[in-house]
Structures are given as C-alpha cells and as structure tokens.
Amino acid sequence: MAKQERAIATREALMVAAGKVFSRLHFETARVADILEEAAVTQGAFYFHFPKGKKQIAEELIELQNEQFIELRDKLARSDLDGLSGALELSDVLGHLLQSEPIAQAGIRLVTQASTLFPGVAHLPDPAWLEAISAYLYRADGEGNLRKDVDIPMATRTIVYLFTGAQVSSFVNDAWENLPYALATIEPYVLGALAVEGFTRTYPST
C-alpha cells in the first residue's frame, strides 16, 4: 500500500474508532488511549492526523455526523413523497442511522453532552434539520395536507424537539436500540396535530 493510501486508511480507522469510543463514553471521560486501543494504531499516528488531540477529532466527528444528515436529507428530497410523509420519513431514517451507526451516535452524544466545548460546530437543534423539516411542512401546506391553524415555524421546532427527546430517552434506556419504536409512537400525535382529516402517510418506493 502506498504511503498516502496508508495515511488515509489510518485516518479513517481513527475516525471510526473515535466514533465507537464517543458513542459509549462521555467526552470528558474518553481518553486518546481508548481511541488508540480501538483503532490499533500508535499515539504518534494519532497526533500526526489530529495534532490538537481529542477535541479536534471530536469536532471532526460532529462535522461528519452533520454531513451524514445532509446526505440523507438530500437523498430523501429526491423522492416523490408528499411534504408530511417526507418530514416523518426524515425522522425515521435518522432514527435508524442512530440505531446502528457509531459516528452518528458519537456526533449526537458530543453535541448534547459537551456542546459548549464545540461552539463552532455543535448546534441543538441543528439549523439544517430545522430548515429541512420546515421545507417539508411548507410543501405539505401547499399540497393542502396541513390543517389551517398550523403555525409552521412552531410545528417545525416541536417535531425536532420530539425527536430529540425520543433519542435522548432511547439512549439512556437502551443505547438507541428501540429508537425507531419510540419514533413510531410519536407519529400519530404529529399527524393528529398537523394533518387534515383523511390524510394517509406514504412511503418511499423501493
């Protein structure tokens, strides 16, 4: 393997390892040594890629988790879902990502537990998330699927807060294993508050 390829592979291994470590440990208690053990690389290799240490790799994990969200958001935006179904589907796919993906798990944990340490990258709720849900709700309004009394900015924040509460509760109770189920329990209340009578959710075509 060429030197550059080895460096890329080592950096990727460190990111994955850090994701696993921060997904199970608080930022303050996680150690660089834990990441090195998980990645099976040397301390010198770690500081070559992340000279500012634990804080730098944590910030990059948050940014990578944000990129994962944007990729999911953009992929879903290309589907033929109506606005309300799209908003619910976005929450569902994020739930499944958090259920199984260490980098997503680590990014969320770092934001919720140590956001003051990463003011440049940690935001809760994430503006991109609010923007995506808001766009779906305005689409739903144009499609005639929203009740007339719905305040879209308030509904947007409510959906995001419901998801945030569900994922934090699920993390505490079962390390996100049952997060999709928790989100499924929210859906009837969201639809009851927002949707016109007779609305039926649709799902992406496979």
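Residues are numbered from 1 along each chain as its sequence is written, and side-chain values use heavy atoms, with hydrogens and water left out. Because the model is predicted, local features need pLDDT of at least 70 and side-chain atom pairs count only at pLDDT 80 or more, while totals for chains, interfaces and linings use all residues.

**Nonpolar cores**

In soluble globular proteins, nonpolar side chains tend to be buried together. A nonpolar core is here a set of buried Ala, Val, Leu, Ile, Met, Phe, Trp, Tyr and Cys residues joined through side-chain atoms within 4.5 Å, where buried means under 20% relative accessible area, exposed over 50% and partly exposed in between, with a 1.4 Å probe and protein chains only. The largest nonpolar core has 37 residues, and among those that touch the most other members are Leu 84, Leu 90, Trp 129 and Leu 194. Helices H4 (54-77), H5 (83-100), H6 (102-114), H7 (127-142), H8 and H9 each give two or more residues to this core, and H7 gives the most, with eight residues; helices are DSSP runs (H or I, at least four residues), numbered from the N terminus. A second, separate core of 26 residues includes Ile 57, Leu 110, Phe 118 and Ala 122.

**Aromatic pairs**

The structure holds seven aromatic pairs. Rings of Phe, Tyr and Trp (its six-membered ring) pair if their centres lie within 6.5 Å, and planes under 30 degrees apart count as stacked, over 60 as edge-to-face and the rest as tilted. Two of the pairs are set out below.

| Pair | Centres apart | Planes | Type |
|---|---|---|---|
| Phe 46 and Tyr 47 | 5.0 Å | 85 degrees | edge-to-face |
| Phe 69 and Trp 129 | 6.4 Å | 55 degrees | tilted |

Phe 69 in helix H4 and Trp 129 in helix H7 are 60 residues apart, so that this pair links distant parts of the chain. Phe 69 is buried, with a relative accessible area of 6%, and Trp 129 also counts as buried, at 8%. In the other pair, Phe 46 is buried at 0%, whereas Tyr 47 is partly exposed at 35%.

**The largest pocket**

A pocket is an open set of points on a 1 Å grid over the protein atoms alone, where a 1.4 Å probe fits, with protein on both sides within 12 Å along at least five of seven lines; lining residues have an atom within 4 Å of a point. Residues lining the largest pocket include Val 150, Asp 151, Tyr 189 and Leu 194, and H8 gives the most to this lining, with five residues.
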